[in-house]
Amino acid sequence: MSEPAARQPDPSAASSPPPPAGGAGGGAGAKPMDAIMALCKRRGFIYQASEIYGGINGFWDYGPLGAQLKKNLKEAWWQDMIMRPCWGRKGPGGEAVRCLPLETCIIQHPKVWEASGHVGGFNDVSVDCRVCKSRFRADHLTVVSVDINPFMAGEARKTFLFSGMGTPDEVKAANKKKIDKLIEANRQQEVIFTAATYLELNEEGRAACPCPECDEKKSLTEPRQFGLMFESGTGAVRGEQMKVYLRPETAQGIFVQFKNVVDTTRVKIPFGIGNTGKSFRNEITPRNFTYRSREFEQMELEFFCHPEESQAWYRFWRDFRMEWWQSLGLKGENLQLREHAKDELSHYSTGTSDVEYRFPFTAPDFGELEGVAHRGCYDLTQHQQHSGVKLEYFDTDRGEVLPNGGRRGERYLPHVIEPAAGLDRGVLAILCEAYTKDESRPSPELMKFHPRVAPIKAAVFPLVNKDGMPEIAEKLHADLTAKFWREGFIETDAKQSIGKRYARMDEAGTPFCFTIDGDTAKDQTVTVRDRDTGKQERIAIDRVVGYVAERLQ
């Protein structure tokens with residue numbers, strides 16, 4: 001899965017104001033990212049890795065709620081892509097979609113990455129500061145120029161440069177105090193904003209660019225290639241080790257096992273092979289919370305089909321993957337399907353589409369959530385050439401019709417359609433979409449997770465901790481746990497006021513709370529409270545398990 005930077009605004013529009021940072025009501029782009037990150041830390045969704053030692057840039061740990069949220073999203077992908085692909089619907093040929101699971105190693109033979117092109121071409125362009133030794137990705141390093149253009153003839157034009165990682169608006173926001181001071185001091189003169197990436201500057205402009213970290217001028221090096229793969233070594237004795245790499249994607253493990261899967265199963269083309277797992281990229285400048293990190297998890301499917309049917313399968317997977325994300329609550333103006341222009345395509349691809357989400361840090365633009373690529377037969381061709389092992393598929397359902405009515409068969413390298421999603425990015429998109437602020441509530445922050453991915457499925461509360469209510473709550477909690485322990489947590493809590501308990505569950509994203517009160521023992525009913533609306537209704541206690549089950553579908 002390729003993970004390009006979020007598309008940046010046109011430099012000519014750099015003087016436009018940044019998007020508002022309000023609460024709910026304006027899409028994810030209008031939500032404050034700092035508030036989302038604070039809630040994630042406070043409620044145990046995401047922590048900085050090695051935090052007690054000061055953290056390590058580009059690495060994140062998932063807390064109890066975050067780990068379950070991530071597991072639920074991965075499980076939803078596994079069920080809908082492998083176990084019951086595409087919800088049982090038919091593919092372009094009218095047959096049910098078939099997919100198989102695979103789990104491959106993080107470390108592969110180094111020749112795998114030579115064949116795939118990663119060793120020779122998996123690089124970013126970086127610049128270093130000679131003073132503070134910081135390193136920056138050159139195409140993400142934005143330089144904002146503030147030109148003071150005097151109205152009086154004969155006065156010299158003044159230029160002030162500000163640099164930073166991100167969009168022009170982000171750089172301007174980070175330097176707001178300095179820029180406002182300049183404008184105030186020159187309020188009788190024209191102020192012109194322009195912006196460009198470091199790579200777009202000429203030699204003179206690069207020399208004048210200040211370091212984003214220490215603000216030293218003339219301290220940045222010329223751009224140079226920076227390898228993105230983590231290196232390691234196999235073998236016990238240092239110096240005799242074979243150099244290996246931590247995989248930058250899970251896809252290549254599928255391609256090198258294609259022949260084994262075909263030989264050891266009865267599967268026939270068209271079919272897919274799915275793999276989930278950790279990948280590693282030595283990002284120069286990891287940023288935007290978990291969006292761009294050095295250790296991340298992917299959910300990838302390689303779907304093998306006949307070349308003549310590949311375009312139909314590409315359209316099929318492109319549309320289904322968009323629909324899948326919508327089914328989990330990513331809807332409306334924050335989600336889009338974008339077809340790549342011809343000049344964006346990889347050299348081997350005849351079509352690529354991205355499912356994109358408008359994150360708060362990319363607004364008003366979108367960031368890639370998943371790519372669906374028509375990879376042709378490039379990968380199998382490369383591995384066949386480099387390994388010397390034939391990876392062609394013999395299709396007994398094709399070729400010339402024989403006198404006995406059978407087929408002569410056809411041998412070919414299948415074409416591949418690759419829906420490749422970032423699991424961590426998916427979790428982040430769901431967190432951003434779910435975050436809602438409702439000032440009419442006593443505790444205004446809540447997470448509107450789709451019930452299928454919510455880490456806590458339901459909570460059971462005794463209204464007070466006496467009069468037999470705790471015992472009834474304990475039994476209902478046990479019944480719900482026995483039914484839904486695979487899907488998520490079932491909480492119970494008897495402490496503090498019922499309002500505070502509801503508020504805690506709202507922040508955790510719990511869809512339903514069931515309260516046992518003084519009437520429960522009399523009429524065998526409980527109060528169910530809906531997280532999103534706050535509305536309450538009475539239902540029979542023996543209906544509670546079925547009530548939750550219906551809404552988790």
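Author: Helices (H or I, at least four residues) and strands (E, at least two) are DSSP runs, numbered from the N terminus. This is a predicted model: local features need pLDDT of at least 70, side-chain atom pairs count only at pLDDT 80 or more, and totals for chains, interfaces and linings use all residues. Residues are numbered from 1 along each chain as its sequence is written, and side-chain values use heavy atoms, with hydrogens and water left out.

Reader: Where is K448 found?

Author: K448 sits in the loop between β21 (445-447) and β22 (456-462).

Reader: Why does K448 count as partly exposed?

Author: Buried means under 20% relative accessible area, exposed over 50%, and partly exposed in between (1.4 Å probe, protein chains only). K448 has 36% relative accessibility, so it counts as partly exposed.

Reader: Which residues is K448 in contact with, leaving aside neighbours within four places in sequence?

Author: Contact means heavy atoms within 4.5 Å. With those neighbours left out, K448 is in contact with A434, T436, R531 and D532. T436 is 12 residues from K448 along the chain, and their C-alpha atoms are separated by 7.0 Å.

Reader: What makes strand β13 largely enclosed by the rest of the structure?

Author: The burial count. In β13 (residues 295-305), 10 of the 11 residues are buried, so the strand is largely enclosed.

Reader: How do you know that β13 pairs with β19?

Author: Two strands pair if DSSP finds at least two bridges between them. β13 and β19 (residues 415-422) have 6 bridges, in the antiparallel sense. Strand β12 (residues 271-280) is also antiparallel to β13, joined by 10 bridges. Take Q298 in β13: G277 stands opposite Q298, and in β19 its bridge partner is G422.

Reader: Why are α2 and α10 called oblique to each other?

Author: Axes are lines fitted to C-alpha atoms, for helices over the stretch in contact, and angles run from 0 to 180 degrees between N-to-C directions. Angles under 35 degrees count as roughly parallel, over 145 as roughly antiparallel, 65 to 115 as roughly perpendicular and the rest as oblique. The axes of α2 (residues 64-83) and α10 (residues 310-327) cross at roughly 140° and come within 12 Å. The two helices are therefore oblique.

Reader: Which residues meet there, and how do they divide by class?

Author: L73, A76, W77, D80 and M81 of α2 meet W317, F320, R321, W324 and W325 of α10. Ala, Val, Leu, Ile, Met, Phe, Trp, Tyr, Cys and Pro count as nonpolar, Asp, Glu, Lys and Arg as charged, and the others, Gly among them, as polar. The contact of α2 with α10 has 8 nonpolar, no polar and 2 charged residues.

Reader: At what angle do the axes of α13 and α16 cross?

Author: Roughly 35°, with the axes of α13 (residues 469-484) and α16 (residues 544-551) coming within 10 Å. L476, D479, L480, K483 and F484 of α13 and V544, V545, V548 and A549 of α16 make the contact. By class, the contact of α13 with α16 has 7 nonpolar, no polar and 2 charged residues.

Reader: What makes β23 and β26 edge strands?

Author: The open sheet has 5 strands in the order β23-β22-β24-β25-β26, with mixed pairing. β23 (489-492) and β26 (536-540) each pair on one side only. β26 pairs with β25 (residues 525-530) in the antiparallel sense over 5 bridges. T525 stands opposite A540 in β26.
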